[in-house]
Amino acid sequence: MSDLPPEERLAKQRVLREWLAWQLRTTDATIRTLEAEVEQVKRQAQRAYAEARWKLEPARDRRSVLHRGGCGIWKGEHGYLDRQEVAEALADETLVVEMCGVCNPGPGLEG
């Protein structure tokens, strides 16, 4: 055992407990920060994915509206289309597709 009296061993254990509690708080704060960073990276990746694609708003008055994936005019968050799928929709003579006047998706279709 130790040569220290019980009072000193108790004091050392209390100091150790305080240090460990500080270490835990610091580690928890670091974890929260990293979790927030991971979520931000995930949101940025989702935004980049959406921006590189298009959304086709369902027909109203027999007309569908084509939007950039990140356009806020139509909030549809599913059914993103790639360039080939948009080209097929535009070539479909049974659909009347208008370009959104806000996000202007046409220029992104070139290339």
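At 35% relative accessibility, Glu 39 counts as partly exposed (buried means under 20% relative accessible area, exposed over 50%, and partly exposed in between, with a 1.4 Å probe and protein chains only). Glu 39 is placed in helix H1, which comprises residues 6-51. Between Glu 39 and Leu 4 the C-alpha to C-alpha distance is 50 Å, at a sequence separation of 35 residues.

The model is predicted, so that local features need pLDDT of at least 70 and side-chain atom pairs count only at pLDDT 80 or more, whereas totals for chains, interfaces and linings use all residues. Residues are numbered from 1 along each chain as its sequence is written, and side-chain values use heavy atoms, with hydrogens and water left out. The mean pLDDT (the predictor's confidence in each residue, from 0 to 100) of the protein is 90, and 97% of its residues reach 70 or more.

The secondary structure consists of two helices and three strands, arranged along the sequence in the pattern α-β-β-α-β. Helices (H or I, at least four residues) and strands (E, at least two) are DSSP runs, numbered from the N terminus. The radius of gyration of the protein is 29 Å, well over the 13 Å that the globule rule gives for 111 residues, so the protein is more spread out than a compact globule. This radius is taken over C-alpha atoms, and the globule rule is 2.2 Å times the number of residues to the power 0.38. The C-alpha trace spans about 90 × 30 × 20 Å along its principal axes. Of the 111 residues, 20% count as buried.

The three strands form an open sheet in the order S1-S2-S3, with mixed pairing. Strand S1 (54-60) and strand S3 (97-99) stand at the edges, each with a single partner strand, so one side of each is left without a neighbour in the sheet. Two strands pair if DSSP finds at least two bridges between them. Strand S2 (residues 63-68) pairs with S3 in the parallel sense over three bridges, and Leu 66 stands opposite Met 99 in S3.
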